[in-house]
Structure formats: C-alpha cells, structure tokens
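Take a moment with the sequence and the fold before reading on. The walk below goes from the whole chain down to single residues.

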Amino acid sequence: AAARIREELWLTEAELEVARRELRLRVSQSFADALFAQEQLALVQRERDVLKRLHDLARTRLQAGDIAEREVLRAEVDAERRAIAVLEAAAGRDQALRALVGAIGDRALQIVEVKGDVTLPALQVTYDELERRILEVSPLARRWEAQRAAALGAVREAEASAWPVLELRAA
C-alpha cells in the first residue's frame with residue numbers, strides 16, 4: 001500500500017511539474033511576444049518622427065522655392081502612412097500585453113510595459129521521457145506488458161503447432 005501511495009505521489013508530482021513547465025513556457029512566450037511588439041512599436045514611432053521632420057523640412061524648402069509642392073505631398077503621405085503603422089503597432093502591443101495577462105492568469109492585472117531580455121531555460125526532461133518514466137513505474141503498465149508477452153508467446157505456440165514440419169530430401 002505504501003509503495004502504491006509513493007507511486008501515485010510521484011505521478012502527481014510529475015504531472016504538477018509538467019503543468020509548471022507548460023505554464024512557464026506559455027508565460028515566457030507571451031512575454032517574448034509582448035517585448036517584441038513593444039520594440040516594434042518603438043521602432044515605428046521613431047520612423048514616424050523622422051518622417052514628420054522630413055515633412056516639416058520639405059515644407060520649409062517649398063516656402064523657400066527649393067522643391068515642388070508634389071515633394072511636400074509625398075512626404076506628407078509617407079508621414080501619414082507611418083502614423084497609421086504606429087496605430088497598428090500600438091494595437092499589436094496592446095493585444096500582446098493582454099495575451100501575457102491571460103497567460104499569467106490574473107485578469108485584474110494591468111501591464112502597460114515590459115522590460116527585459118528573453119532567454120528560455122532548456123527543458124530538463126522531455127514529454128516523451130516523462131511518459132516513459134511514468135510507464136516504467138506504473139503497475140498497470142507492467143501488468144499490460146506481462147499480458148502482451150504472454151499473448152505473443154501464445155501466438156508463437158499456435159503458429160508452431162498449426163504448420164506441419166516438412167522435411168525435404170534430395171534424391
């Protein structure tokens with residue numbers, strides 16, 4: 001009875017460890033996605049600021065008679081496109097932050113910014129290895145394996161007795 005309880009405890013601890021690893025992986029992936037989305041937003045904002053300065057410079061050059069109005073309009077369109085890209089990147093960042101909150105599991109949590117570097121720890125035990133270990137100590141798996149071996153032995157005996165033994169001699 002004590003051995004069975006130890007095995008059940010080991011299985012429960014193994015399942016808990018798998019759940020913890022899956023949670024860590026989900027949170028790490030969500031954090032990396034949020035960090036990437038935040039960095040992308042910052043990059044697009046910098047591009048928008050540069051294009052806005054170029055638009056302002058183009059206006060100044062137009063007033064000085066240095067360029068045609070068409071160049072100013074082109075700079076304005078580029079700046080507006082980048083402004084739209086900023087809105088899209090901000091929506092992507094907000095979505096990634098909501099996904100991170102969902103992965104953490106606390107809906108009341110509000111995350112407005114993430115900081116850091118993403119380095120995922122290597123898994124010490126793969127799922128296949130964990131499954132193999134569980135089956136090794138499982139009494140049910142051992143019983144199934146014994147039944148399988150007995151069934152294979154019965155099949156081999158049946159095959160051996162069903163076929164006549166023919167002896168061939170050369171004359």
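Predicted model: local features only at pLDDT ≥ 70, side-chain atom pairs only at ≥ 80, totals over all residues.

Residues are numbered from 1 along each chain as its sequence is written, and side-chain values use heavy atoms, leaving out hydrogens and water.

Start with the chain. It holds 4 helices and 0 strands, where helices (H or I, at least four residues) and strands (E, at least two) are DSSP runs numbered from the N terminus. Along the sequence the pattern reads α-α-α-α. Of the 171 residues, 18% are buried; buried means under 20% relative accessible area, exposed over 50%, and partly exposed in between, with a 1.4 Å probe and protein chains only. Contacts (heavy atoms within 4.5 Å) can be sorted by sequence distance. Among those with a separation of 6 or more, 71% join residues 24 or more positions apart.

Now take H1. This helix spans residues 2-63. H1 has 62 residues and reaches 91 Å from first C-alpha to last, close to the 92 Å expected at 1.5 Å a residue. The expected span is 1.5 Å times one less than the number of residues. Just after H1, Gly 65 takes a positive phi of about 80°.

H2 covers residues 69-104. Its 36 residues reach 53 Å between the end C-alphas, close to the expected 52 Å.

How do H1 and H2 pack? Their axes lie 8 Å apart, at an angle of about 165°. Axes here are lines fitted to C-alpha atoms over the stretch in contact, and angles run from 0 to 180 degrees between N-to-C directions. H1 is therefore roughly antiparallel to H2, a label for angles over 145 degrees. The residues of this contact divide into 25 nonpolar, 5 polar and 11 charged. Nonpolar covers Ala, Val, Leu, Ile, Met, Phe, Trp, Tyr, Cys and Pro; charged covers Asp, Glu, Lys and Arg; the others, Gly among them, are polar.

Zoom in on Ser 30, in H1. Ser 30 counts as buried because its relative accessibility is 12%. Ser 30 touches Ala 96, Ala 99, Leu 100 and Ala 103, not counting residues up to four places away in sequence.

Glu 80 sits in H2. At 49% relative accessibility, Glu 80 counts as partly exposed. Glu 80 and Arg 48 are 32 residues apart in sequence, with 8.2 Å between their C-alphas.

Note on methods. Parallel < 35°, antiparallel > 145°, perpendicular 65-115°, else oblique.
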